[in-house]
Amino acid sequence: MFNQYALHHAWLIPLLPAFAFIFVGFFLRRLPAVAGFVSICMSLLSFILSLGVGYGVIARQITVDNPLVQKIPWVSIAGFQADMGVYVDPISAMMLVVVSLVALLVQIYSLGYMRGDNGFGRFFAYLSLFAASMLGLVIAVNFVQLFVFWELVGLCSYLLIGFYFNKVSAREAAKKAFITTRIGDFGLLIGILFLQILFGTLDFQQLAATVPTYVMQHGTALLTIVALLIFLGPIGKSGQFPLHVWLPDAMEGPTPVSALIHAATMVVAGVYLVARAFFLFSVLPDAMAVIAWIGAFTACFAASIAFTQRDIKRILAYSTISQLGYMMLALGVGSVTASMFHLMTHAFFKALMFLAAGAVLHALPEKNDIFTMGGLRHKMPVTFAAMTIGVLAISGIPPFAGFFSKDEILLAVAQVSTPLYTIAVVTSFMTAFYMARLLIVVFCGEEKPENQPHEAPLSMRIPLIVLGVLAVIGGYIPYANNFGDWVRFGAAVHEGIDFSVAATSTVIAILAMCLAWFIYGNGMVRSDKISRRFRIFYKVSFHKYYIDELYLWFNHTFVDGFGKLLYWLELHFVEAILIKVAASLPVKLGNVVRKSQNGNLQRYGLVMFGAMILVVVWLVLLNPLFNGVAGGAY
Amino acid sequence: MIGMAHFLTVAAIIFAIGLYGVLTKRTIIGILMSIELMLNAVNINLITFSHFITPEALTGQVFAIFTITVAAAEVAVGLAMVFRVYHDRNTVHAARLDEMHW
C-alpha cells in the first residue's frame, strides 16, 4: 500500500530535492527549462510522498506518543552516539506536507517570476537545496541531525538573500542574516552540548524519557539555563526580539524566496524546534514564561513597526515576525496544538500574500513603495482576490484559516495570563489595521497613470489560486477534523471555540479594518494629519525603534573600539616588544652557532671524532653499568 | 709471546695515524689514503678477534674480505670524484673546498 511505502521510505522526502540540487546545481545550470522541470518534478514527488506519510500517520494511528522512528548510526565514538534517521509523528508529518507543498508551489511560481533571469538554474538549485535541508530538519531524530540541517537552511537563506549578489544591499542583507542568526545558533550549540553532558544522549526519544526524572532529582535551575540557551537558536532563526533585525532586510532576495523561506518555512524552524523539544521546555516553568513573554513582545513590537512602513515586502516581513511571535506565545503558554495550527495556516496565507506581492512587483518593476501603487484591482483581479483572502485570513475574520488558529492561540493565552492575552488582542487589532492599509493602498483608490500593470502569467496564478483556496479552508477543515487530537503535546485538549474570545477578536479585527478604510480608503481622516499629531510615535515606528541604529552604534563604539584598542596593543606592545625580542633571539643565537658551520671538511671530522671520544669516555668512566662490563672483560 | 693485545695495539696505532691523516692532510688524495689506513686497522681488529676468540669460525676473515672489496669500490668512486673536483675547481685542497656552508 502506498502509505506503507511512504512511511518506510520517508527518508526519500529530503533526498529527492537533494538530488535535484546536485543535478541542477552541477550539470543543468545553463539549461533553464530542464532545471525548472527537474526541480519541480522532484518537489512534486516529495510532496506526494509527504502526503503518503500524512495519510499513513492517520491510517496507522501514529500519534505523538508512539512515533515511527527509523534510524541508522551516523557518528559513533566512545561516549557519543549520533544517528541519522526519520522521526514520523503527526507534528513532523504536518510539517512535511506544509513544507513540501509550499516549496512545490513556490517553484511553480518561480517559473513565471524568474523567467529570463540569468541565474534561473542557480535559483532552482538553491530552492531545491533549501527544500532538502528543511525537510531533513523536520524529520530529525536528534539534536545533531537537527543542528546540521538547521545550519544548512541558514546557508540556503544566505545564498538566496544574496541571490542578486551584484547589488550591494543584497550582499549586506545576506551577511546580516547569516551573522545575526549565527549569534542565536551559538547559544543553540552550547545548549546542545550541555544536554549531551547532562544526559549523555541527544536522541529526542531518549531525552524525553529521561528529562522528567532528572528534573525530579536535580531540580530545574541548570536545565532552565540550558533550555534558554537552546531557545537562543529559535530567537535568531524565527526572528524574535532582539535578533529580528535580519528578517526585514532579508526581503532583498527574490520574492518567491521571501514567500518560501522568510515567511512560510525556514523562519518557523525555530517554532518547530521548540515544539520538537517541548518535553524539555514544558517541565521548566521559567523558560516557558520567557518564551511566552518574548513571543508576545515580539508580536506586538513588530506589528507596531509594520504600521508605518511603506515597502510592501517589509510590511509583510514585519507581519511575519509578529505572527512568529504569536506562535512562540502559544508555545510559551503550553499549547503546541495552537502553535502548530497557526504555523500551518500562516504558511498558507503568508505564502499567498508574498506571492501576491510578488505578482504586484512583477507587474510594477522597480517599485516597492505602496503609495506609488494604487488601483491595481482592475488590472490584476486574481492577485487582488488572493491578497484579499490573505488579509482576511491573517486578520482572523471567520471563516478564513487564520480565524481558527488565531482563536486557538488567544484562547490558550486567555486561560493562562490576562496581560499576555491583552497584548495578543492589541496585536491582532494592529495586524488587521496594517494589513487592511496595505490592501487598500495598493489595490483600491485610483490608478496611477504612470503604472502599466498587467495580470500575472499562468504559472504564477496557479500557486496563488491553490494557496488562496488553502487560506480559506485550511483552518476550518483541520478544526473540524480534530487537529488537536493529532498535533499535541501530552493529553489532547478539546477547546472548541470560546465565543467570547472569538467574538472579541473578530469585532476588533473588523473595527481595525474599518478604521483603515476611513484613513486610507475614503480619506475621512487624513493619514498625514495623524502622523503629524503623533509625530514622535510615527518617527519611532517608522525608524523601527532605532534598533538597527542602536546595533550599529554598539558595533561602532564597542566592537570597533575594542578592535582599535587591540590594534594599538598589536602595534605598540606585541609588535614593538614581543615580536622584536622573539625575532632577535634566534638571530643572535644563530650568529653564535653558525661560526662552527664553516664548510671545512676536516673541522667537521675533528668535531665528530672528538664527540665520539667524549661519548666513549662518558660511557666507560661515568656509567656504572659499563664499568661493571668493562671490569668483567679485562 | 705475541698475544691479542699486541695485535690490537698495532691496529689502534694504525687507526690513530689514519685518523690524524684524515684530519690534517691538505689534499683530498691524502685524506682518501688515510681512510684506507683506518679501514685496514679495522680489518686487523676483525681478524684478531676472529683468530683469538672464535678460532673455529672464519667470520672475521670473511668480513675483512668484504671490507677490502667495499674499500676498493669506495676508492674508485672517491678518486673519480676527486678528478671531477679537480676538473671543476682546479684544486684538490680540502681547505679550499669549503663552499658548502652558510
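Biologist: Which domains does the domain assignment of chain A give?

Modeller: The bounds of a domain come from an automatic or database domain assignment. For chain A these are domain 1 (284–542), domain 2 (544–597) and domain 3 (603–634). Taken over C-alpha atoms, the centres of domain 1 of chain A and domain 2 of chain A are separated by 52 Å. This is a predicted model, in which local features need pLDDT of at least 70, side-chain atom pairs count only at pLDDT 80 or more, and totals for chains, interfaces and linings use all residues. Residues are numbered from 1 along each chain as its sequence is written, and chains are lettered from A and ligands numbered from 1 in the order in which they are written.

Biologist: What is the mean pLDDT of chain A?

Modeller: The pLDDT is the predictor's confidence in each residue, from 0 to 100. Its mean over chain A is 86, with 97% of the residues at 70 or more. Over residues 630–634 of chain A it is below 50, and this stretch has 1 contact in the model beyond near neighbours in sequence; two residues are in contact if their C-beta atoms, placed from the backbone, lie within 7 Å.

Biologist: How many helices and strands are there in chain A?

Modeller: Helices (H or I, at least four residues) and strands (E, at least two) are DSSP runs, numbered from the N terminus. Chain A has 28 helices and 2 strands.

Biologist: Which residues have the most contacts inside the largest nonpolar core?

Modeller: A nonpolar core is a set of buried Ala, Val, Leu, Ile, Met, Phe, Trp, Tyr and Cys residues joined through C-beta atoms within 7 Å. A residue is buried if 20 or more other C-beta atoms, placed from the backbone, lie within 10 Å of its own. Here the largest core has 215 residues, and Val102(A), Leu329(A), Ala351(A) and Leu352(A) have the most contacts inside it. Helix H16 (residues 336–363) of chain A gives the most to this core, namely 18 residues. Leaving aside residues up to four places away in sequence, Ala351(A) touches several residues, among them Val102(A), Ala259(A) and Leu467(A).

Biologist: Which residues of chain B does UniProt list for "transmembrane region"?

Modeller: Such annotations may be inferred rather than shown by experiment, feature names are shortened, and UniProt positions are given in the numbering used here. The unreviewed UniProt entry lists residues 6–23, 35–54 and 60–86 of chain B. Residues 6–23 of chain B are 100% helix and 0% strand, their end C-alpha atoms lying 26 Å apart.

Technical notes:
Buried ≥ 20, exposed ≤ 12 C-beta atoms within 10 Å, placed from the backbone.
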